[in-house]
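Let's take a walk through a protein structure together. Keep the picture in view and follow along as we go from one spot to the next.

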Amino acid sequence: MAAPGENLRINPDRLWDSLMEMAKIGPGVAGGNNRQTLTDEDGEGRHLFKRWCDDAGLTMGVDKMGTMFMTLPGTDPAALPVYVGSHLDTQPTGGKYDGVLGVLAALEVVRSMNDLGIKTKHPIVVVNWANEEGARFAPAMLASGVFAGVHTLDYAYGRKDLDGKTYGEELKRIGWLGDEQVGARKMHAYFEYHIEQGPILEAENKQIGVVTHCQGLWWLEFTLTGREAHTGSTPMAMRVNAGLAMARIFEMVQEVAMANQPGAVGGVGQVKFSPNSRNVLPGKVVFTVDIRTPDQGKLDRMRATIEERAAAIAADLGVGCSVEAVGHFDPVTFDPTLVGRVRSAAEKLGYSHMNIISGAGHDACWAAKVAPATMVMCPCVGGLSHNEAEDISKEWAGAGADVLLHAVLETAEIVG
């Protein structure tokens, strides 16, 4: 098996130009992107990506969740493909790089192979997973979760956004409902390149994050039921205040996360008040608690503690409380062989690097259930992500893509 030469690099200018061109679709209000899953903007981004893949000689397949698989053939028809990718959907106020970098860097790997006439034994498949973010349709990593057998297709199709529209309906509406059975494809390996979404690599002045683990997660959706009442004319002692229960639960989640340091986080990023009027106490509050840690035992204890204490807080105020787990994955240990190839590639190319645990969930977490998988990370300025101010440099993007290229080619086995 031939190893890629040390001088082999991707084209950083072409990668950067592709990132900037994709960012024109679904522009945000402050320099980022709003290209949420199964919106018209998502459809437009998919068409641009397909055109680029067509130009690179890739063949498209789309499964029943809307995930796009773009294949470069290998020399051995019997060899399982090496999959490389991430996602093109964004948060409502997302940046230009979260997910998109991984998809377009995977395409750049293929473009660079074409430039240099490189062939591999194993096919290479560039993947755009649908609904990674989970911002519009919870849970996150929905399509890769169905692929890995974690969720059923019916469950996924029935997920609703805040307007009551279902995933299945919207997938048909934008014209990206494929015919492939979800999860029927077999993988030789899976690689995902992503911005860190945290401050560690930049603070440590490292160009490459060698991702060894991904921390586990629970999304716990709480529904608190109080009694709507006028805020001005209802005595304090006679209120059934779901908003107050929510506030006390928020503080409790902070306490639980701090009590489980180091390596645990918890918080709330989404709240829906009803009726959401200035002078009406809410009759219902819905919010999602997000807890994460790479320690399985700690993750389980945090969930149990939060649910128990939330029920007690609500009961003390006479507020109804129910909880539904709308997102979950256990901590992931990535494949040691693939992790070693990423590390070796960084060393061979002369890029500074360090081991890192992913603080965010990624499609790689579910892919790891069905195939050897790992990730490569690059720094992002100030660790900022899920924010329109998210930023990276062309040099950071290129360095990680170089490492991705070498690790993928070693795994796909260069011919000749």
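**A cluster of rings**

Ring pairs link Phe 69, Tyr 83, Trp 129, Phe 147 and Tyr 190 into a cluster. Here, rings of Phe, Tyr and Trp (its six-membered ring) pair if their centres lie within 6.5 Å; planes under 30 degrees apart count as stacked, over 60 as edge-to-face and the rest as tilted. This is a predicted model, where local features need pLDDT of at least 70, side-chain atom pairs count only at pLDDT 80 or more, and totals for chains, interfaces and linings use all residues. Residues are numbered from 1 along each chain as its sequence is written, and side-chain values use heavy atoms, leaving out hydrogens and water.

The structure holds 10 aromatic pairs. In one of them, the ring centres of Phe 69 and Tyr 83 are 6.1 Å apart with planes at 80 degrees, so this pair is edge-to-face. Trp 129 is buried, and so is Phe 147.

Now look at another ring. The charged end of Arg 303 sits over the ring of Trp 218, 4.0 Å from its centre. That wording requires NZ of Lys or CZ of Arg within 6 Å of the ring centre and within 35 degrees of the ring normal.

Key. Buried < 20%, exposed > 50% of the residue type's maximum accessible area, 1.4 Å probe, protein only.
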